[in-house]
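Subject: Structure handover

Hello,

I am passing on the structure we spoke about. Please have it open while you read the notes below it.

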Amino acid sequence: MAVKTLTIDDKPVSAREDQTILEAAREAGIGIPTLCQLSGVANLGACRLCLVEVAGVPKLLPACVTLVQEGMQVFTNTERLREYRKMIVELLFAERNHVCAVCVANGHCELQNLAIAVGMDHVRYSYRFPKLEVDTTHEKFGIDHNRCVLCARCVRVCDEIEGAHTWDIAGRGAKSHIISDMNVPWGSATSCTSCGKCVQACPTGAIFKLGATVAEQIKDRTRLDFIVTAREKKQWVG
Amino acid sequence: MSQRIVIDPVTRIEGHAKISIFLDDEGQVSDARFHVTEYRGFEKFCEGRPFWEMPGITARICGICPISHVLASAKAGDGILAVQISPTANKLRRLMNLGQITQSHALSFFHLSSPDFLLGFDSDPATRNVFGLIKADPELARRGIRLRQFGQDVISYLGGSKIHPAWATPGGVRTPLTEEARADIKARLPEAFETTRIALDLFKKLLDKYGREAHIFGNFPSLFMGLVGPNGVWEHHDGTLRFVDSSRNIIADNLQARDYQSFIGEAVEPWSYLKFPYYKPMGYPDGCYRVGPLARLNVCDHMGTPQADKELSEFRSASGAVNSSFMYHQARLIEILCALETIEILLDDPDIMGDRLRADAGVNQLESVGVSEAPRGTLFHHYKVDRDGRLEFVNLIISTGQNNVAMNRTVAQIARHYVRGPKVEEGMLNRVEAGIRCFDPCLSCSTHALGQMPLEVDIVSADGEVIRRIAR
């Protein structure tokens with residue numbers, strides 16, 4: 001496979017041609033913040049936190065779904081990007097009802113960590129305070145739409161790893177929301193195998209183990225990657 | 001013309017409030033009111049949340065007594081799961097509540113109220129506070145602060161943080177007691193005992209000096225309510241409810257928290273955000289009852305620990321219940337003593353180091369009431385959930401609320417004794433405030449509710465006619 005050479009933040013980097021800017025940057029030890037990206041499932045480019053600047057390209061490009069190209073000059077940490085990232089995180093907080101203090105994921109939340117990483121000390125936008133439901137109809141798990149950031153990780157792990165495709169996104173724009181099966185309560189979703197991968201995948205406290213209380217929902221995302229690696233590389237087979 | 005004196009804000013209490021004193025044509029006090037001016041809304045915004053979250057959410061009602069809410073909420077949750085928690089979980093919850101009683105009572109006595117007794121009700125208000133106390137008696141202030149820290153550390157050892165630990169959950173508790181924590185709590189008990197003894201002796205000596213205050217600070221007959229354990233022993237977490245009258249006759253006993261609506265009514269007045277609970281069989285306002293340390297000492301038959309029992313027999317009047325609200329202070333110290341003795345016993349209990357902590361169950365009951373004795377008195381959490389455990393109804397009856405009628409009577413009684421005409425000395429007004437401090441009210445807790453609450457100011461003439469009404 002052909003190798004491309006490019007610079008990321010003025011650092012010369014070489015990468016395989018099928019690699020994304022995000023992968024190339026991570027291999028080179030350059031961190032780019034992400035939220036919807038999850039190892040083991042396809043990249044979606046939903047959250048826009050990994051936007052980078054590329055010399056000669058007027059628009060910003062999502063690093064998770066943009067392949068490397070020969071001679072590319074990528075900038076991951078400009079003033080403009082920092083400001084946009086902060087703005088994105090603020091908008092995520094303003095969009096739904098995120099109350100860290102009483103959330104099951106407090107202290108173990110990727111959204112919370114991002115807010116700290118981008119230096120969000122307040123939200124400049126008016127909170128929308130939408131009235132959203134908590135679905136606790138499943139016997140083991142619950143989904144609180146107040147805490148959902150629509151990263152679609154649950155949709156992808158359920159479809160790509162478990163193969164059940166219980167989750168989907170319904171609605172458009174601000175009305176987009178996660179649904180189970182054909183928009184039935186989770187407890188009635190016959191496709192759900194109760195495997196719990198969506199619980200591990202969810203970056204916030206939106207999907208949680210029923211009965212979890214404040215700060216108790218610790219998620220282990222390496223398990224997902226582990227399953228995919230085991231399945232694809234079959235290193236223990238034969 | 002009639003006049004009104006306003007004390008705003010009332011200081012050295014937890015929360016925001018003001019007091020209005022109404023004067024008649026001769027400048028004599030005709031009435032006084034204690035207005036609670038803050039507003040929360042917990043009962044409404046908790047609707048729709050899974051009940052498992054409630055200990056964590058309701059803990060946020062208060063930074064002083066979050067544990068009381070955590071425990072009452074977890075107990076209501078136990079009821080929804082329909083489980084009996086393990087002996088270890090129960091004893092650990094009790095241990096945490098004793099830590100809470102110790103720290104909150106120490107705060108009330110040393111930080112908030114003792115500046116009045118030790119520096120004097122009439123001393124300079126600029127230094128009549130905990131900093132003035134530190135200057136006047138650094139050793140005592142240090143001891144008071146350390147006693148509070150001891151209680152806080154008991155909480156922190158169990159819950160992982162001093163405030164708002166969502167540690168007790170429906171079905172039990174989250175984490176066990178460690179051997180290290182047990183050893184440290186044990187090692188620090190002697191100092192805590194010593195401080196409590198010093199404070200008790202000091203307060204008893206001061207009673208001679210403040211006989212007048214003790215006599216008129218909310219000294220009136222009323223009912224008292226609190227939990228009692230088996231054989232009428234002092235109780236703070238389990239047990240059943242008992243009402244006694246001002247002569248300590250038991251008027252109702254073995255009441256279950258889940259039936260609270262049959263014996264407690266809640267009245268509303270347009271001039272306060274705080275509801276006015278009353279004992280239903282006697283109506284409002286005749287069914288005025290008090291809760292908290294004084295009430296718990298009046299309702300129980302004995303404390304159940306040797307040192308506290310000795311203090312209780314000294315505390316009790318021969319003729320019945322202790323009716324002066326000023327004696328809440330002494331009751332608080334006796335309760336600290338009892339809490340420390342009980343902590344000592346619990347630390348040696350073989351169950352306390354157990355690892356069966358949390359029962360697992362689904363939604364088995366759609367309605368439940370949890371009760372605990374908060375430092376300030378009996379606390380009820382009443383939940384109704386749907387079959388998936390989402391809250392459809394929340395009612396919280398808070399200890400400070402249950403003292404509301406009594407606090408208003410106390411304010412009026414003190415004002416009548418000390419206020420003569422519109423020109424009032426600061427020290428006199430401080431006594432009115434100090435009357436409120438006896439109850440150690442926690443207004444952040446008690447105004448958790450959502451309800452219709454127009455704000456109204458009435459100016460009332462001597463003949464009872466409303467001469468001016470300002471409303472919004």
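This is a predicted model: local features need pLDDT of at least 70, side-chain atom pairs count only at pLDDT 80 or more; totals for chains, interfaces and linings use all residues.

The chain contact

Chain B contributes 14 residues to the contact and chain A contributes 10 residues. On the side of chain B that touches chain A, the largest share comes from helix H2 (residues 54-59) of chain B, with three residues. Sorted by class, that side of chain B has five nonpolar, five charged and four polar residues.

The three-stranded sheet

In chain B, three strands make an open sheet in the order S12-S13-S14, with antiparallel pairing. Strand S12 (367-374) and strand S14 (391-397) of chain B are the edge strands, each pairing on one side only. From one strand to the next, the twist averages 15°. Strand S13 (residues 377-385) of chain B is joined to S14(B) by six bridges in the antiparallel sense. One bridge pair there is Val385(B) with Leu391(B), the latter in S14(B).

Helix H3 (residues 66-81) of chain B packs on this sheet and touches S12 and S13 of chain B. The direction of helix H3 makes about 150° with that of S12(B).

One residue of this helix is worth a look: Lys75(B) lies in helix H3 of chain B. Is Lys75(B) buried or exposed? Lys75(B) counts as buried, because 25 C-beta neighbours lie inside 10 Å and the cut-off for buried is 20 or more. Leaving aside residues up to four places away in sequence, Lys75(B) touches Gly370(B), Val371(B) and Ser372(B). Its C-alpha atom is 8.7 Å from that of Ala168(B), a residue 93 residues apart from Lys75(B) along the chain.

Strand S7 (residues 240-244) of chain B is mostly covered, with four of its five residues buried. S7(B) pairs with strand S6 (residues 223-228) of chain B through five bridges, and the two run antiparallel. In this pairing, Arg242(B) of S7(B) stands opposite Gly226(B).

S7(B) also pairs with strand S8 (residues 250-255) of chain B, over three bridges and again in the antiparallel sense. Here the bridge partner of Phe243(B) is Ala252(B) in S8(B). S7(B) and S8(B) form a hairpin, and five residues lie between the two strands. In the turn, Arg248(B) has a positive phi of about 65°.

Regards

Note on methods: Residues are numbered from 1 along each chain as its sequence is written. Chains are lettered from A and ligands numbered from 1 in the order in which they are written. Two residues are in contact if their C-beta atoms, placed from the backbone, lie within 7 Å. Ala, Val, Leu, Ile, Met, Phe, Trp, Tyr, Cys and Pro count as nonpolar, Asp, Glu, Lys and Arg as charged, and the others, Gly among them, as polar. Two strands pair if DSSP finds at least two bridges between them. Axes are lines fitted to C-alpha atoms, for helices over the stretch in contact, and angles run from 0 to 180 degrees between N-to-C directions. A residue is buried if 20 or more other C-beta atoms lie within 10 Å of its own, exposed if 12 or fewer, and partly exposed in between; C-beta atoms are placed from the backbone.
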